[in-house]
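Reader: Could you take me through a structure that is new to me, one feature after another, with the general idea before each case?

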Amino acid sequence: MTSTVLAAAGVTVGFGATIAVRDVSIDVHPHQTVAIFGANGSGKSTLVRAMLGLVPIQSGTISLFDTPVPSRHAPLERVGYVPQRTTAQGGLAASAGEVVEAGLLSRTTRNLPVGGKDKARAALEAMGLADRYDFPVGALSGGQQQRVLIARALVRDPDILVMDEPLAGVDADHQVVVADVVRAAHDRGAAVVLVLHEAGPLAPLLERAVVLDRGCVTHDGAPPAAVGAHAMPGHDHVHPHADHAPEPSDLQRGVL
Amino acid sequence: MAVGLAGPAVGAYLVQRRISLLGDGIGHVALTGVALGTMAGTALGLANQDALAVPGAMFTALVGALIVDRMQSRGRVAADVALALMFYGGAAAGVVLFDIGGGDHETFEAALFGSLGDISTATAIATAIGAAIVIALAFGFRRILFAATHDPEFARASGIPAGALTTWLSVAAAVVITLAMQAVGLVLVGGLMIVPVAIAQLHAGSFVTTMRRACLYGGGVAAVGAALTIHWDIESGGLIVVGAVLLYATVALVKSRTSARRLAPGAPDRPTIEQERSAA
């Protein structure tokens with residue numbers, strides 16, 4: 001039994017002379033929902049990308065299910081990654097189905113597995129896009145494109161879901177859809193790592209928050225107190241708040 | 001015609017990677033290879049001093065493709081700058097070397113614009129085999145190649161070796177270009193790889209459909225062009241690419257007409273906000 005799903009120890013990432021992430025250590029446990037907060041340029045995306053082996057690290061170690069990253073044997077097929085939407089732009093039309101089916105491939109699976117098309121259809125259906133299987137992704141709205149990328153991450157039934165700014169450019173209604181997806185993944189037993197600028201409707205789901213400021217961890221523990229829509233009157237507070245929550249004012253400064 | 005089928009199969013991935021001019025860049029570098037091959041042929045005192053032109057082109061095309069691939073993956077130069085360096089460096093070196101080597105101008109022109117009539121049966125068979133291999137690989141590995149070119153970031157996060165796959169694509173492009181050199185010429189080879197893809201993407205909603213149709217367009221245009229060359233005394237390369245561009249214009253025109261008509265009520269274009277909400 002693994003104690004950590006994804007772990008970084010003393011990780012430093014730099015681009016040339018700039019240090020983007022400085023000596024960061026984080027353990028993500030099974031069945032845990034963690035948010036990484038921080039201002040623009042605080043290194044939160046870089047940290048997550050480094051933890052998936054997408055950016056070379058200068059020092060420290062990263063392990064995924066107790067296997068070092070990057071390595072040939074890292075079980076990346078157990079990760080469902082939703083990159084920032086801007087990265088998913090090809091020069092040619094691709095249908096939503098094709099994009100989601102790409103989520104079933106890995107280092108060892110080079111062709112579509114048997115039943116892959118049905119899985120892709122089901123994943124699109126779960127995102128409310130059942131009738132968009134043959135639709136070119138470029139002709140979809142921004143919120144729909146984001147949901148296609150989420151379907152691509154979910155189609156492989158990941159044991160850890162990593163989403164980079166899943167709410168960016170998504171309207172309020174569809175933010176709720178994203179929150180439903182995160183809740184479903186959590187209920188299925190998956191760990192969830194979210195890179196967030198603000199929590200929005202995801203706030204009630206967060207069990208832990210890590211706050212980055214200029215590449216350093218400034219907070220790791222209870223999530224920030226409810227802000228925004230969550231704090232509005234009429235919101236149904238069904239989840240318990242941690243007793244030892246740090247001063248909300250500090251956190252909000254770090255978060256916003 | 002074999003090249004017409006194989007070109008777009010690789011071209012589709014190049015367009016997907018937004019480096020549709022890679023073919024031309026490699027073509028220019030191959031010109032250096034033609035000059036080098038001719039010089040080597042002369043130096044070795046071969047009976048046919050052009051015998052080494054094609055191997056020379058193949059060699060420099062491969063080297064050029066790999067260098068650009070490396071430059072891009074290191075991220076030091078933007079893709080278009082890397083291509084520009086190839087264009088100008090390749091063409092200039094080709095001209096200089098050709099002058100030094102004193103090759104005859106027919107060889108040079110044949111390399112630039114192609115000369116279908118001069119192709120031997122052996123070359124034609126070799127070209128067909130090479131094209132068949134490229135098509136088989138391009139379609140056989142289409143899933144993983146699509147993943148690697150559509151969203152390299154996600155592909156790498158899934159453990160797919162996106163970098164290695166794109167290197168192989170560059171190699172395939174170099175092979176196709178050298179194969180196509182004798183039929184359409186190095187100046188126009190990129191056209192045969194990219195224009196059919198441009199036609200297909202006008203009316204295809206998925207990547208695989210685009211690729212399949214692009215290959216059919218490429219093969220069709222090449223076949224018609226080759227047939228016409230037999231009757232008229234016009235260089236095949238120009239004829240084929242002009243045909244492809246005209247086909248593009250025709251399809252684009254027809255499409256804009258029909259889509260204007262589709263703006264009528266009931267057009268299944270973008271869903272309305274209401275539809276989206278209810279779907280969610």
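This is a predicted model: local features need pLDDT of at least 70, side-chain atom pairs count only at pLDDT 80 or more; totals for chains, interfaces and linings use all residues.

Author: Residues are numbered from 1 along each chain as its sequence is written, chains are lettered from A and ligands numbered from 1 in the order in which they are written, and side-chain values use heavy atoms, with hydrogens and water left out.

Reader: Which way do the residues of β7(A) point?

Author: In a regular strand the side chains alternate between the two faces of the sheet. Helices (H or I, at least four residues) and strands (E, at least two) are DSSP runs, numbered from the N terminus. In β7(A), I160(A), V162(A) and D164(A) point one way, whereas L161(A) and M163(A) point the other way. Strand β7 of chain A, residues 160-164, is mostly covered, since 5 of its 5 residues are buried, where buried means under 20% relative accessible area, exposed over 50%, and partly exposed in between (1.4 Å probe, protein chains only).

Reader: Which strands pair with β7(A)?

Author: Two strands pair if DSSP finds at least two bridges between them. Strand β6 of chain A (residues 79-82) pairs with β7(A) in the parallel sense over 4 bridges, and here G80(A) stands opposite L161(A). Strand β8 of chain A (residues 191-196) also pairs with β7(A) in the parallel sense, over 5 bridges, with V162(A) opposite V193(A).

Reader: What is the order of the strands in the open sheet of 4 strands?

Author: The order is β2-β1-β4-β5 in chain A, and the pairing is antiparallel. β2 (18-28) and β5 (67-68) of chain A stand at the edges, each with a single partner strand, so one side of each is left without a neighbour in the sheet.

Reader: Is R208(A) buried or exposed, and what does the side chain of R208(A) meet in a polar contact?

Author: R208(A), which lies in strand β9 (residues 208-213) of chain A, is buried, with a relative accessible area of 10%. A polar contact is a pair of N or O atoms within 3.5 Å; within protein, one must be able to donate a hydrogen and the other to accept it, and residues adjacent in sequence count only if both atoms are side-chain atoms. The side chain of R208(A) makes such a contact of 2.9 Å with the side chain of D220(A), and a polar atom of the R208(A) side chain lies 2.6 Å from the backbone oxygen of D27(A).

Reader: How much area do chain B and chain A bury between them?

Author: The size of an interface is often given as the accessible area lost when the parts come together. Chain B and chain A bury about 3500 Å² between them, 54% of it on carbon and sulfur atoms, the buried area being what two parts lose on being put together, summed over both (1.4 Å probe). In chain B, R143(B), E153(B) and F154(B) lose the most area to chain A, together 22% of what that side buries.

Reader: How many salt bridges are there between chain B and chain A?

Author: The count is 3 salt bridges, each a side-chain nitrogen of Lys or Arg within 4 Å of a carboxyl oxygen of Asp or Glu. One of the salt bridges joins the side chains of E101(A) and R143(B), at 2.5 Å from N to O.
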